[in-house]
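Student: I have a model open and want to go through its contacts and surface with you. Where do we start?

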Amino acid sequence: MDMTTCLKSLLLVIQQYRGSRTTQTAAQLQKQLEEVSGLRCDQLLSSGQVLPSECVSGLVELAGNPNTSPALTSSIISLLTQLACDDNSREMLHSSYNLTSTLASVIHCHNATPGQPLVLQCLQVLQKLTYNTRVFQSTNYIHELITFLMTNIQSHNDDIIMPCLGLMANLCRDNHSVQSHIKSLDNVKSFYRTLINFLAHNSLTVVVFTLSILASLTLNEKVGEKLFDAKNIHQTFQLVFNIIVNGDGTLTRKYSVDLLVDLLKNPKIADCLTRYQHFSACVSQVLGLLQSKDPDSAAKVLELLLAMCSVSGLRSLLCEVVFRPAGPKLRAAGRKQGTGLDGGRKAESGLALVQWLSSPVEGAESCSLQALQLLNELLEEALGAESVSECVLSFVEMLLPVMLGLLKSLDPAQGDAQLRKHCQRITYVTSLLLVLCAEDSTRSLVSRQVSARLCLCQVESLLSCCHSNNPLTCLPPGSDNDLSQVCAEALLRTLELMSKLRQQVKDMETSFYRMLQDQRIVTPLSLALTSHHRERVQTGLSLLFEATPLPDFPSLVLGESIAANNAYRQREAELSIKRVAVQEVPPPRMNSSVLDSTSPSSRSVHSLVEKIQNGLELQEQTKDSHVSEIIDVYEQKLSAFASKESRLQDLLEAKALALSQADRLIAQYRFQRAQAEAEARKLGCLLKEAERRREDLQGELGSQVLEVERSKADMEELLQHNARLQQDSEEHQALKGAYNSLLSRFNEGERLLKELQVAHISLTKQSDALRKNHEELQLQHDKMVSVLEEREEEIRFLHSDLQQKNSDITGLRCELRAVEEKGKEKDQEKRDLEETVDVLRKELNKTEQARKDASIKASSLELQKSQIETKLKQKEDELNKHSAMIAMIHSLSSGKLKNDVNLSL
């Protein structure tokens, strides 16, 4: 079964179920939803067809109805989630079909059971819908949704905390109305405390969601200044970079990049990042993510790098990471030499960007444009330096063939979407080539790679899209995203590139001036001159300055085209005031026969031109010199008629667009009428409840009068209590003065204690020195005692020898005279020895006296030490008393001020 048949059956079943909510119709609707879910629904909403729009409107209405069963609501939400497969579909579901408010109403109906699978499903779909989408505070049930999220974030249910945090991060990001509403709530401080506690959570996704919410709510407040101050911001940088590189998945990486982009919008945090010492290493790791084949991750990485380029201090650092490391490998590859492992590692960061320019991965078109924009920023910074390094030149030399490969031939048969992408790619590529042409060294590289034939082919293909006979130019030029504007910008960029290279490339100057004299150049040039973008106007003026001196430049036609564009813009401004404000929808594809040049009005104009030309040929011999002027006048009138015809065609397309918008309004009106009926029923219930409450309040009014009288008596008691509190305040002031005096005395005592500690340390050092001297003297005394013992032993030996000599005198009388001389000599020696012994005894007495003096000094020092220790103990006792008094005073003062203290976050 094809998609159209399934959608028709689904719409029929929706109408049947809406008329009769029976079990049979519910089963049929469930079955039909399963059949549609099994089909391929890519870009079904973006097609602009009426049948899918009616089906989606009916499904959203049923999902928002409280009477629909939870199982059927879950199936409807699953199908709507399947339809939201791209950004355009998500935007339409959010803005055109009000799916956000519908899901919020479903959550509000089941807020009593937050763990229900339907509630979790609605939270997940809301997180997907509201990502990078602003939700207005006036949206239905948005306040109830915020209250539900804050309540469940502060709960202990881990299953619902993560989706609630993700949805809250989406609602708070770049949404001042939602932020102001959250800050005005009473429980915002406890909510902040809960978020701060989540920063220590095990899940990196929870940490990222929490940081995103705190950055949105508190970045410019005191709480945010404490969380993201200079002390903590470096840890935050390291955490975010680690999550980006080693995150749990693509979702965590997306929110981490968004968080860092939001932090970079703060000048203080951006300045801290420029001074972050690990910035180069972190950026290298982030660039390593570009080597994967995931376009979503690559798009977020490139978005982060583009945000860093907006900070002037980071652009030069990014250039060092991207260009300088890639130099060794590129130069080696140019010389066809082998590279080592280090060279291959260094070349990855620059080559990854180049690979995404022409990546064959599906969905890589946006990554290619982002990579071109990033290279534009980085090369502009690198070429703006005083001297261009060799690694930048080698990188440009490698980049040029890849860029020129993007300038492939244009095929208008591929459709408007592919044509728009191709023109945007040409615009980015030519802009990057223009940046390279600003420097002489890189301009020479570009001139060797770019040929006049390549530029001429590009201009011809773009002119075929911008020419007035092409149906593409019938699009209104009021928006920047119109195909005519995109083609015109790509064409003017290409012509500007030809102007820069006309002196360096062969045949480029001839081709450039030939294109300027082409009649088809009028349309893009007039669009540029009447644009509200400064760069487009300057480019158009520079080309106009080059083209004005040329003989065949259609200046009159250009003036008519500019006037027609201005008139169209004025008419659109007048109509926009009267037009009803509706949601933007994609314009339907018009039949080419409506805009074809073979329409009756176009044929009449061509026949008129042929008649004038034939008449002029017959009367060419008889006309005077004013024939050429008459021809010019007729040509001007014909161009005016052609411009009026194009304006009428634009009005016809505007009418068709208004018709499609009217269909959309009808569908929205049906949904809003159902909502209005539900609200009317709700208001009726509220009115009955208000009547009942009014009766209750009348009965309570009498009791309130009595309460007023009691309040007066209480007021008098409060006044008396206030007087007592005033007396307590005066006593508190007196105690505070006494506390200050005791505090000063305590400081003085602490100062004296420090001085005594210093004196104690010096005395201890002196005592140690005296102890060392005493030990040395003791060693010397021991040595002298040993020497004295040796001398006494010698004396005893001499005494015994003398006694032996006296005993021998009686027996040796005969020999006395012979040895008398020897005896006298012995006596003389004896006397000398005795004198020596006396001298040694005197020295021993002196040594003993010195030892006694040293022991007396040591005892006196020990006595002083004990006295100082006694004084220190006394001081410590006084300090303990003072501390006890201070603690008592502090407890008294804190007890009286307990009711006035309000601890804030």
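Student: How many aromatic pairs does a search of the whole structure find?
Tutor: Keep in mind that this is a predicted model. Ring pairs are counted when their centres lie within 6.5 Å. Searching the whole structure on that basis gives five.

Student: Are the rings of phenylalanine 209 and tyrosine 255 stacked or edge-to-face?
Tutor: Their centres are 4.7 Å apart, and their planes meet at 80°. Planes over 60 degrees apart count as edge-to-face. So the pair is edge-to-face.

Student: How many residues apart in sequence are the parts that this pair of phenylalanine 209 and tyrosine 255 ties together?
Tutor: Phenylalanine 209 sits in helix α12, residues 204-218. Tyrosine 255 sits in helix α15, residues 250-264. The pair therefore ties together parts separated in sequence by 46 residues.

Student: Where do arginine 173 and aspartate 262 lie, and how many residues apart in sequence are the parts they tie together?
Tutor: Arginine 173 is in the loop between α9 (158-172) and α10 (176-183). Aspartate 262 is in helix α15. So the bridge ties together parts whose separation in sequence is 89 residues.

Student: Which residue forms a salt bridge with lysine 300?
Tutor: Lysine 300 lies in helix α18 (residues 295-309), and its partner is in helix α15. The closest N and O atoms are 2.8 Å apart. The partner is aspartate 258.

Student: Are lysine 300 and aspartate 258 buried or exposed?
Tutor: The cut-off for buried is under 20% relative accessible area. Lysine 300 has 6%. Aspartate 258 has 3%. So lysine 300 is buried, and aspartate 258 also counts as buried.

Student: Is lysine 265 buried or exposed?
Tutor: Lysine 265 meets aspartate 262 in a salt bridge of 3.7 Å, N to O. Aspartate 262 is buried, at 10% relative accessible area. Lysine 265 has 52% relative accessibility, and exposed means over 50%. So lysine 265 counts as exposed.

Student: Which residues are linked in a network of salt bridges?
Tutor: Arg173, Asp258, Asp262, Lys265 and Lys300 have come up already, and they are among its members.

Student: On to the surface. Which residues make the nonpolar surface patch of about 320 Å²?
Tutor: One member is leucine 719, in helix α34 (residues 627-811). Leucine 719 counts as exposed, at 55% relative accessibility. The patch is made by Met715, Leu718 and Leu719.

Student: Is aspartate 838, in the negative surface patch, buried or partly exposed?
Tutor: Aspartate 838 is placed in helix α35 (residues 813-896). Its relative accessible area is 39%.

Student: What is phi of asparagine 132?
Tutor: Asparagine 132 is found in the loop between α7 (117-129) and α8 (142-153). Its phi is positive, in a residue other than glycine. The value is near 60°.

Key: Residues are numbered from 1 along each chain as its sequence is written. This is a predicted model: local features need pLDDT of at least 70, side-chain atom pairs count only at pLDDT 80 or more; totals for chains, interfaces and linings use all residues. Side-chain values use heavy atoms; hydrogens and water are left out. Patches are made of residues with over 30% relative accessible area and no salt bridge: like charges are joined within 9 Å, nonpolar side chains (Val, Leu, Ile, Met, Phe, Trp, Tyr) within 5 Å. Accessible areas come from the Shrake-Rupley method with a 1.4 Å probe; for residues, only the protein chains shown count as cover. A salt bridge is a side-chain nitrogen of Lys or Arg within 4 Å of a carboxyl oxygen of Asp or Glu. Helices (H or I, at least four residues) and strands (E, at least two) are DSSP runs, numbered from the N terminus. Buried means under 20% relative accessible area, exposed over 50%, partly exposed in between (1.4 Å probe, protein chains only). Rings of Phe, Tyr and Trp (its six-membered ring) pair if their centres lie within 6.5 Å; planes under 30 degrees apart count as stacked, over 60 as edge-to-face and the rest as tilted.
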